[in-house]
Amino acid sequence: MFGKLSISLFVLIIFYHDLSDAQKKKETLLSEKVTQMMEWASKRSVIRMNGDKFRRFVKAPPRNYSVLIMFTALQPQRQCGVCRQADEEFQVLANSWRYSSAFTNKVFFASVDFDEGSDVFQMLNMNSAPTFLHFPSKGKPRKSDTYELQVRGFAAEQLARWVADRTDVQIRIIRPPNYAGPLLLGFLLAAIGGLAYLRRHNLEFLFNKSVWAFSALCFVLIMTSGQMWNHIRGPPYAHKNPSTGQVSYIHGSSQAQFVAETHIVLLFNAAVTMGMVLLCEAATSDMDIGKRKIMCVAGIGLVMLFFSWLLSIFRAKYHGYPYSFLMS
Amino acid sequence: MKSSPNKGVLLQYWLSGALGGWGGTSDGKHKASTNAGGSVHGNSRPGAAGGGGGKVGLSGGLTQPAGWQSLLSFSILFLACLAGFSSRLFAVIRFESIIHEFDPWFNYRSTHHLTTNGFYEFLNWFDERAWYPLGRIVGGTVYPGLMVTAGLIHYVLNLLHITVHIRDVCVFLAPVFSGLTAISTFLLTRELWNQGAGLLAACFIAIVPGYISRSVAGSFDNEGIAIFALQFTYYLWVKSVKTGSVFWTIGCCLSYFYMVSAWGGYVFIINLIPLHVFVLLLMQRYSRRVYIAYSTFYIVGLVLSMQIPFVGFQPIRTSEHMAAAGVFALLQAYAFLQYLKDRLTRQEFQTLFFLGVSLAAGMVFLTVIYLTYTGLYVRLLTCYAKIHIPIIASVSEHQPTTWVSFFFDLHILVCTFPAGLWFCIKNINDERVFVALYAISAVYFAGVMVRLMLTLTPVVCMLSAVAFSSVFEHYMGDDTKREKPPEKAEEGLGPNIKSIVTMLMLMLLMMFAVHCTWVTSNAYSSPSVVLASYNHDGTRNILDDFREAYYWLRQNTDEHARVMSWWDYGYQIAGMANRTTLVDNNTWNNSHIALVGKAMSSNESAAYQIMRSLDVDYVLIIFGGVIGYSGDDINKFLWMVRIAEGEHPKDIRESDYFTPQGEFRVDKAGSPTLLNCLMYKMSYYRFGEMQVRRGALTPPGFDRTRNAEIGNKDIKFKHLEEAFTSEHWLVRIYKVKKLDNREPLDHKLRSVVPKQKYTSKKVPLMLGGEFALQVWRDSFRFS
């Protein structure tokens with residue numbers, strides 16, 4: 001009785017020993033992999049992978065971390081503009097994670113370039129870039145582990161929501177501040193300050209009405225030509241028809257506009273305004289009569305020409321508008 | 001109505017008479033200093049073109065120019081008001097005297113409440129018919145100015161035994177006030193420039209589409225009266241800055257009070273006036289007049305504005321009002337320094353100046369800038385930043401403005417008003433600083449939000465009038481006929497050039513008048529409660545489905561029935577059907593709206609849970625697939641999903657409603673979630689059997705709005721039943737069934753001996769209510 005028990009105990013111990021051996025091996029492998037990944041991640045927030053690395057660190061089984069991989073084609077000869085934009089957003093996301101206080105080894109961000117790991121693309125049977133895939137720490141990737149790029153777009157915020165959804169890791173997107181605006185403002189202020197300093201003995205120009213009137217006019221023209229809309233909506237500068245190669249500067253619908261179009265409108269508005277001012281100047285100034293007559297004719301010409309031109313653009317955009325003047 | 005464009009054109013001719021004549025007389029700021037006699041001669045020219053008007057000017061004007069001036073300007077103003085009033089009547093003539101759109105229905109309902117129950121009852125009104133089950137405190141959450149104005153007019157008319165229905169008062173209120181706006185714009189522009197420009201501005205504002213869009217007959221909304229209050233307040237402000245008299249300032253405060261009671265846009269005034277004062281200080285244009293005007297305005301205006309229940313203590317709490325307070329403090333400090341300057345020696349003053357001013361002013365400046373920056377400007381600057389809040393983004397009038405909208409609403413004025421601004425800044429004085437600031441701030445806000453085009457329109461009219469009037473002033477006067485001897489070297493431009501320029505300018509103005517009439521007639525005169533469609537031969541079909549459905553609700557449902565619909569239709573259901581609604585256009589409670597959105601976008605059984613919990617009796621939806629009406633609920637559906645997702649991200653996901661390619665489709669390729677959600681099912685119930693256009697090649701169930709054959713034709717309801725569908729299927733109403741009776745058990749019931757009845761009552765208590773009820777019912781049946 002006692003012997004039996006001891007034998008079974010012995011067997012159990014041996015078996016246990018065996019088991020723990022395998023476990024240990026696995027653990028060391030895993031910890032090795034994690035340290036390696038951490039090391040890479042500390043160098044760059046998005047780990048660049050090729051076929052070997054991918055197989056070893058993402059495909060091979062002992063893994064307790066999730067990997068988010070962007071499959072992309074960034075080489076210049078591929079001419080993938082979307083990839084570049086998506087890459088920027090992905091970098092923002094990865095950096096936000098990398099430098100956040102909640103950074104752990106639970107999630108890694110990696111990218112596979114088509115020209116470095118085309119075998120991976122073949123292995124996963126993928127033929128489009130960019131694609132975002134999530135490889136969960138446990139189990140196989142499911143349908144929802146493929147990011148719906150077409151539907152959700154590649155904004156870092158959307159990606160973060162997807163990551164939160166798949167891995168329960170909340171990432172707060174921190175975009176690197178855009179220094180262009182403050183820099184420009186600083187430059188402008190410095191220029192004004194410099195100008196004021198250079199002319200410090202004569203600050204008359206601050207009281208120059210023409211300067212003020214001119215800047216007010218600029219502001220008004222910028223606003224009425226819909227630059228605010230451009231700023232908020234970010235339309236393209238112009239549209240190039242891919243089949244015919246024709247460039248259209250005017251958007252066909254009244255609900256939208258191109259940037260080029262607003263610049264044209266700004267110029268036209270300015271021309272009409274200038275015409276009105278010229279008309280008044282012609283009547284009031286002290287110049288000799290010939291010049292005044294020229295000014296007057298130029299003024300009325302500007303008003304008429306550019307207004308009717310503007311009207312014709314408007315007519316082209318606002319379908320069904322019946323009136324036109326000088327030009328149809 | 002056909003006379004309206006002619007009237008506009010006629011007006012321009014009238015105007016030209018006035019302008020050519022008096023351009024230089026009323027204000028001596030211009031170089032062309034024509035005397036009164038010369039100006040009267042100027043009248044003869046356009047008089048010949050326009051008929052009647054000028055002839056009298058020739059004969060009688062020589063003796064009494066002032067009298068003719070006022071008669072002519074009075075008639076022009078009167079005609080401007082008349083033109084403004086009549087061009088707003090398209091909708092009334094085409095359809096009938098009816099309240100338009102959505103918000104006006106609420107205003108009408110409140111006005112009705114006010115006239116039937118009295119003012120105090122209105123102030124304390126708790127509306128239990130809205131936002132069921134929450135209700136809404138109406139008295140404290142509306143700007144009562146509109147209702148009180150309409151109620152007062154109704155009361156006075158009835159006192160005079162002119163028995164008008166309150167609805168007619170409401171319908172015609174906005175056109176009447178547009179006339180008053182024209183007059184106050186005239187007054188303001190006269191203060192800024194001269195009388196001729198004032199008359200032009202009055203004519204512009206009377207017919208400009210940017211203002212008509214909010215003030216056609218039937219559009220009974222706050223903006224209709226608020227623009228009058230705005231312009232009148234500004235007029236009185238300019239007047240008080242000019243005179244420095246407390247009388248005008250108090251008038252300004254009263255007008256400001258009216259504005260506060262009428263529209264939330266009063267914030268624009270309470271920031272623009274301090275800005276004006278601040279800029280005047282910066283420009284070293286401080287004077288006693290400014291001090292008196294602003295100090296009085298701030299204190300009295302503050303006290304008055306706090307009398308409106310909805311505004312309450314906001315003027316001393318919120319950041320929008322802090323700029324006014326900061327400027328008030330700054331002005332006091334500045335005035336104090338000025339006072340010290342007279343008392344102290346130069347040396348002492350300089351020391352004090354550098355110490356005190358740099359410290360105090362710096363602090364005040366910083367606070368003002370900080371507060372303004374964080375509060376108002378950031379709030380308005382980042383109006384568009386709020387776009388990620390779906391409920392704000394879903395309202396189309398909160399979008400930024402394209403140049404097409406500017407041109408559509410202002411036409412020639414948008415190109416010429418910068419010229420007016422140029423003239424104003426070149427000949428600057430205290431009140432022109434004001435109009436320049438007004439223009440710059442208003443144009444900014446109009447760029448951010450389409451809706452704020454309304455505040456830009458008056459200043460554009462004024463400045464354009466300045467530009468046109470300065471041109472007319474120089475080109476219309478006929479200098480060959482002048483009585484005064486031609487000055488030695490002063491040669492004119494010659495009559496030919498002058499008349500050509502005048503003709504072309506008048507042509508532009510004529511085009512403006514024609515454009516305004518066209519836009520008003522085609523774009524801004526649809527009541528949207530009644531739709532009209534035109535056949536090929538020009539005959540008209542009236543689609544009166546909305547009112548049909550609302551009256552069906554009114555007549556056929558229980559008085560306390562609760563109707564669920566998307567929030568757009570809340571006010572109309574309350575106003576026309578007089579039934580309780582869950583959400584309405586007030587949109588104060590986002591989560592409640594999200595709940596309705598969730599019900600609409602869930603499948604039927606999940607939606608039924610929500611509808612049961614909200615006590616819904618009927619569901620009302622708008623469906624345009626039969627007639628091709630694009631503003632229906634399926635087209636708005638993604639907003640419902642988005643708003644629901646914002647509050648319930650676990651249950652509703654926007655991506656579920658798209659195809660894998662990211663398209664929103666209602667046909668067979670559409671996502672199954674969409675094809676089975678409540679909104680889809682309600683919209684397309686029985687639609688699959690319907691051949692939309694008889695004889696056409698379209699299959700049955702072809703949606704004309706989205707040009708697709710629907711994907712789910714086999715729709716059956718378990719918890720709902722169709723209650724009503726209007727003639728053109730535009731409105732569909734479904735009844736939510738009560739809970740079914742429990743199905744009888746198929747096995748034989750336990751026989752319960754009476755003695756065990758007590759135990760059977762007790763046991764189920766542990767098992768939960770449902771079972772308890774069941775067993776109790778069973779035992780009841782058999783005892």
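## A buried threonine

Buried means under 20% relative accessible area. A:T131 has 11% relative accessibility, so this residue counts as buried. The model is a predicted one.

A:T131 sits in strand β4 of chain A, which covers residues 131-135. Leaving aside residues up to four places away in sequence, A:T131 touches A:I69, A:M70, A:F71, A:M126 and A:T146.

## Extent of the A–B interface

Interface size is often quoted as the accessible area lost when the parts come together. For chain A and chain B, the buried area is about 5,400 Å². Carbon and sulfur atoms account for 79% of it. Chain A contributes 62 residues to the contact, and chain B contributes 58 residues.

The rule finds one salt bridge between chain A and chain B. Its partners are the side chains of A:R161 and B:E645, with an N to O distance of 3.5 Å.

## The chain A side

Several helices of chain A supply at least two residues each to the side that touches chain B. They are α5 (149-152), α6 (156-167), α8 (209-224), α9 (227-233), α10 (259-284) and α11 (289-317). The largest share comes from α11(A), with 14 residues.

By class, this side of chain A has 37 nonpolar residues, 15 polar residues and ten charged residues.

Technical notes:
Residues numbered from 1 in each chain as written. Chains lettered and ligands numbered in written order. Predicted model: local features only at pLDDT ≥ 70, side-chain atom pairs only at ≥ 80, totals over all residues. Heavy atoms only, no water. Helix = DSSP H or I, 4+ residues; strand = E, 2+ residues; numbered from the N terminus. Buried < 20%, exposed > 50% of the residue type's maximum accessible area, 1.4 Å probe, protein only. Contact = heavy atoms within 4.5 Å. Buried area = accessible area lost by both parts, 1.4 Å probe. Salt bridge = Lys/Arg side-chain N within 4 Å of Asp/Glu carboxyl O. Nonpolar A, V, L, I, M, F, W, Y, C, P; charged D, E, K, R; others polar.
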